[in-house]
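Grab a viewer and work through the exercises below. Try each task on your own before reading its solution.

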Amino acid sequence: MLSFITARQIGLDPPVRLRRAESARRVLSLELNHDREVERIHGNGINTIDIEVIEGRYMLSGGSDGVIVIYDLENNSRKLQYTCRAVCTVGRSSRHVHRFSVETVQWYPHDTGMFVSSSFDKTMKVWDTETLKPAEVFQFEGNVYCHHMSPIARKHSLIAVGTKDPKVQLCDLKSGSRIHILQGHRGEVLSVRWSPRYEHILATASADSRVRVWDVRRASGSLFTLDQQNGDQSKTSTETVNTAHDGRVNGLCFTHDGLYLLTTGTDDRMRLWNSSTGENTLVNYGKVVNESRKGVKLTVSQGCSPEFVFVPCGSSVMVYALHTGEMITTLRGHYNNVDCCEFHPDYQELYSGGKDCNILAWVPVLRGPDTEDEETAKVKAGASAAVNPAFEDAWSSDED
Amino acid sequence: MNVALAWWLTPVNLPQFSLLLLLNFSSDMNRKRSLIPDAFRVKKRRFGADNINGHPEHGDTQADGPPDVKATLQYLMTLFPRKLFNDSLPQIVFKHQLYSLHSDKTLVDKQVNELRDKGELLMFQLGFGSDAFGLVFSEDYRTKVLAMEDGRSTLGTVEKFLDKVLPGCSDLSFSKDKMLKHFLFTDSEITQLVKSGVLTVRDAGSWWLSIPNSGRFTKYFIQGRKAVLGMVKKSKYNEILKNDLQERRTTSHVKLDIKYHIHDIIGAELVECIQTTSGTLLRFVDT
């Protein structure tokens with residue numbers, strides 16, 4: 001660590017190298033911490049969480065009972081032990097609460113004055129955070145599985161919505177119109193994601209085993225479909241030709257730079273794709289257990305030098321290295337299925353929520369003292385009041 | 001210097017590579033302490049009870065460098081029972097059996113593809129799971145197939161197929177117009193190839209590359225896999241030490257070597273591999 005700092009000081013290394021190395025080290029030491037917990041508000045499982053991008057301070061969560069809660073993640077108490085309190089809730093008593101489970105919530109990418117939630121009651125609501133009343137309600141014909149707003153969009157304010165209908169709908173936030181439709185899938189759309197690199201590129205994953213990448217400005221259909229065999233039609237049986245997975249594709253995640261796309265499917269596989277060409281990079285993650293009938297919300301770390309993927313698998317969160325495919329560790333702590341996880345890029349923390357109604361915060365363990373300082377640390381610890389005064393020996397062996 | 005530049009440019013960073021870079025760079029600065037590798041040493045990868053990927057018995061990739069897939073293949077081929085099939089079948093190994101011996105699956109896949117491109121290795125879709133690929137060395141395959149065809153009328157066609165198609169094309173299946181136009185086989189020749197067992201029907205108008213007389217192998221394999229998994233399931237707590245499993249007496253259902261089956265179930269992730277102080281523990285994965 002010291003040599004990283006020295007190298008940065010004398011200019012041998014670019015400053016970002018130290019930051020990336022330290023972020024990666026922190027991610028590798030993620031653990032459940034006694035000192036940090038998130039207040040338990042939901043009475044039923046938690047389906048989705050989202051941390052706002054601007055400050056990284058507020059977290060939204062949506063539950064199976066239709067309740068939406070906003071938590072404050074920042075620790076202003078100067079104590080190590082901190083519970084993230086709920087700032088406000090859209091509870092069952094509110095007039096505007098969703099009738100069935102909330103599947104996706106997302107903060108408005110540019111400020112926290114607004115957030116959007118979509119639910120199995122076939123609606124998507126745009127809420128005003130101050131008053132907690134929906135400013136706009138979009139009605140759909142089928143269950144809404146997911147929605148996403150582009151985090152970088154300046155020229156448009158479209159929300160892509162994936163519902164039970166094979167057509168992907170684009171709702172415009174500015175005008176309230178929903179006439180833009182993307183046709184091409186043949187099954188329900190389980191996950192939609194805008195690219196964080198280009199504001200017009202959208203990826204959608206569907207139960208018909210295909211993942212399509214669209215440019216929303218283009219009228220004539222998708223740009224390309226992801227093919228797990230990279231065009232080699234000889235490897236699999238004829239039914240699975242030109243598909244991204246051998247089962248339903250239910251998880252999509254772009255890496256932070258937008259160059260790669262991760263998909264997970266019910267064939268227990270996770271694949272990494274080059275997002276501009278649609279080529280399967282053939283990284284083998286092994287068996288990534290996936291039994292979800294809805295979408296799986298996986299997430300990728302940001303700003304670390306080997307990037308990591310966090311996938312909820314059963315009742316634990318698995319951590320894989322992004323480009324080599326090796327399994328780093330399993331984060332166990334939930335009592336029931338984990339449904340969603342979200343990475344906080346500034347503190348390298350992971351928040352995961354599941355059916356056991358808990359949101360767990362995985363915090364990097366602080367570095368222990370160095371070997372050279374260990375002796376001094378031990379001496380200090382011995383001298384300080386680490387020993388209970390009741391056991392301290394007041395008796396002295398000296399004559400005096 | 002060059003070290004820092006290389007780091008900056010490569011987007012894909014294998015931990016071993018970065019470790020080497022760091023060690024090279026910092027060796028003069030930190031002789032007593034090992035602080036820099038600490039930044040990258042995966043703390044959770046101690047061989048504790050949490051570790052899923054067991055310590056490979058045949059060449060530790062973390063110590064050695066890139067895995068030698070060919071040597072592992074040759075070792076696994078020795079586990080295949082030749083006498084059982086009266087020496088008529090070439091030795092078949094599954095691609096996922098390699099995963100039980102090497103921890104980096106992506107590198108293994110890459111090396112297998114390289115061997116296939118060189119023409120030394122052939123891959124087959126054996127029909128019972130879209131991920132179960134069988135691997136056979138090309139020379140073995142040729143000798144066995146020609147030995148079997150010796151004296152039969154289809155010998156000429158099969159020889160032609162082996163000489164023309166296999167060296168150049170490393171596909172697993174062939175479609176009708178590819179066979180007719182690209183390789184210039186006639187319909188009757190294709191029928192002869194199917195009769196001899198080198199091609200198996202996949203779909204109307206396309207065929208899988210296959211190993212003749214491998215039906216018995218597939219049957220014994222599936223039976224044996226079920227039996228070995230049953231042995232793990234019936235154990236107390238659904239787990240058994242790998243050494244114990246190897247010592248166990250196998251029922252008549254298990255005709256292939258039990259070690260062959262153990263590599264198969266570990267590689268296919270049907271059991272979890274956990275390191276304990278008494279060796280590797282195999283725990284049945286309930287899915």
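Predicted model: local features only at pLDDT ≥ 70, side-chain atom pairs only at ≥ 80, totals over all residues.

Residues are numbered from 1 along each chain as its sequence is written, chains are lettered from A and ligands numbered from 1 in the order in which they are written, and side-chain values use heavy atoms, leaving out hydrogens and water.

**Exercise 1.** Work out why the radius of gyration of chain A agrees with that of a compact globule.

Solution. Start with the rule: take 2.2 Å times the number of residues to the power 0.38, with the radius itself taken over C-alpha atoms. For 400 residues a compact globule would come out near 21 Å, and chain A has 24 Å, which agrees. Next, look at the extents: the C-alpha trace of chain A spans about 95 × 55 × 40 Å along its principal axes. Then check burial (buried is under 20% relative accessible area, exposed over 50%, partly exposed in between, with a 1.4 Å probe and protein chains only). Buried residues are 56% of the 400 in chain A. Finally, count the secondary structure, using DSSP runs numbered from the N terminus (helices are H or I, at least four residues; strands are E, at least two). Chain A has three helices and 29 strands.

**Exercise 2.** Cys357(A) and Asp87(B) have positive phi values; is each one buried or partly exposed?

Solution. Cys357(A), with phi near 65 degrees, lies in the loop between β28 (349–354) and β29 (359–364) of chain A. Its relative accessible area is 10%, so Cys357(A) is buried. Now Asp87(B): phi is near 60 degrees, and the residue lies in the loop between α5 and β1 of chain B. At 36%, Asp87(B) is partly exposed.

**Exercise 3.** Describe the second largest pocket and say which helix gives the largest share of its lining.

Solution. Define things first: on a 1 Å grid over the protein atoms alone, a pocket is an open set of points where a 1.4 Å probe fits, with protein on both sides within 12 Å along at least five of seven lines, and lining residues have an atom within 4 Å of a point. Points are joined across faces, edges and corners, and the volume is the space filled by probe spheres set on them. That gives about 1,300 Å³ for the second largest pocket. Its lining has 50 residues, with Asn284(A), Lys95(B), Tyr99(B), Asp109(B) and Asp131(B) nearest the centre. The largest share, eight residues, comes from α7(B).
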